[in-house]
Amino acid sequence: MIALRSILCPTSLSSDPDVALRYGIALARSYEAKLLVYHCLETTPLADESEIKKLAENTIAEHVRRANPGALDWEGMVKIIKRDDLAFSITQAATERDVDLIIMQSRRRPRAAALLGSTAEAVCHTAPCPVLVTHPHEHEFVKQESGEIGLERVLVAHDFSDHSATALLFGVALAEEYQAELHLMHVLPPRTELGAPEYEWLQTSDEDAFQQAARRLQSAVPAEAFLWCKVKQVVRQGKPYREILSYAEKEVIDLICMGVRGTGSGLRAILGEQTDRVLRRAPCPVLVARPARSHEQIAGGGQ
């Protein structure tokens, strides 16, 4: 079982239903964690910051009350920020409060706007902990009326990296906790890329590649997981984000778990791009797993 002691939930305090807040409340209750409801706003030098913060804190309290939290250990947090500092502010707050999970909502945007990236994507690349990203109007595993968690199918995208191994740990823990099916997927590159250095563990034929990937998936799953949940292993070939999205849609997946390798160049940038594309088009929430990072790494911009 994963240990969630504190959960950070950024909110815009808009009039629209806040799916991320509902998920934050449900998971905080389930794991007896503290929920930190975080709101950032911009101000000018002439504004009365203390008055602005007071109004925002009152709005947070009303926002949480409308979500019908019942017995819940929660705290409202308000931060005055400069323009375009939202992602950094969320990451900084998560580091300073040593949170175990960030839950935030990302809105579907036109393709042209998506090219510029989003706050959710930026946080996923820099957060000191895993990030659960929701979208409005998607397949959900937290029921709207009761707030109960109905997690039935978890998909873990595994590329045999340390980052996807971290995603697998979370996927297995959640599947065991809620006795959900665990779908473990590896996507082989197109045949023209099988000989690339990063895939040197593969043989040249497609049949050998599929068999090797299937064996590695089998060995990646902890033995005890088979006792608590049904495990399905899937090997596909093609563009990872396309195969992940297609499978998630077909199998009515409730949660996709992925790793991310930062925003560097070369292969690392490509892997990060695959995660971003899944985030933008996923039919369900996505958990982007990241190894724990220190405050010094965040301040220094380390990956």
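Q: By class, which residues does the lining of the largest cavity have: nonpolar, polar or charged?
A: Keeping in mind that this is a predicted model, the lining of the largest cavity has 11 nonpolar residues, with no polar and no charged ones.

Q: Which residues line the largest cavity, then?
A: The lining is made up of Ile2, Leu4, Leu27, Leu101, Leu132, Phe141, Leu151, Phe170, Leu174, Leu255 and Leu287.

Q: And how much space lies in the largest cavity?
A: The largest cavity holds about 100 Å³ of space, and the count of cavities of 30 Å³ or more comes to 1.

Q: Switching to packing, which residues touch the most other members of the largest nonpolar core?
A: Those are Ile7 and Leu35, in a core of 57 residues, to which helix H1, spanning residues 19–31, gives the most, with 9 residues.

Q: What is Ile7 in contact with, leaving aside its neighbours within four places in sequence?
A: Ile7 is in contact with Gly24, Leu27, Ala28, Ala33, Lys34, Leu35, Leu36, Leu101 and Ile103; among these, Leu27 and Leu101 also line the largest cavity.

Q: How many residues does the second, separate core have?
A: That core has 40 residues, including Leu8, Ala93, Cys124 and Cys129.

Q: Last topic: which residues in helix H9 are buried?
A: In H9, which covers residues 240–250, the buried residues are Tyr241, Glu243, Ile244, Leu245, Tyr247 and Ala248, and just after this helix Val252 takes a positive phi of about 50°.

Note on methods
Residues are numbered from 1 along each chain as its sequence is written. This is a predicted model: local features need pLDDT of at least 70, side-chain atom pairs count only at pLDDT 80 or more; totals for chains, interfaces and linings use all residues. Side-chain values use heavy atoms; hydrogens and water are left out. A nonpolar core is a set of buried Ala, Val, Leu, Ile, Met, Phe, Trp, Tyr and Cys residues joined through side-chain atoms within 4.5 Å. Buried means under 20% relative accessible area, exposed over 50%, partly exposed in between (1.4 Å probe, protein chains only). Helices (H or I, at least four residues) and strands (E, at least two) are DSSP runs, numbered from the N terminus. Contact means heavy atoms within 4.5 Å. On a 1 Å grid over the protein atoms alone, a cavity is a set of points where a 1.4 Å probe fits but cannot get out, and a pocket is an open set with protein on both sides within 12 Å along at least five of seven lines; lining residues have an atom within 4 Å of a point. Grid points are joined across faces, edges and corners, and a volume is the space filled by probe spheres set on the points. Ala, Val, Leu, Ile, Met, Phe, Trp, Tyr, Cys and Pro count as nonpolar, Asp, Glu, Lys and Arg as charged, and the others, Gly among them, as polar.
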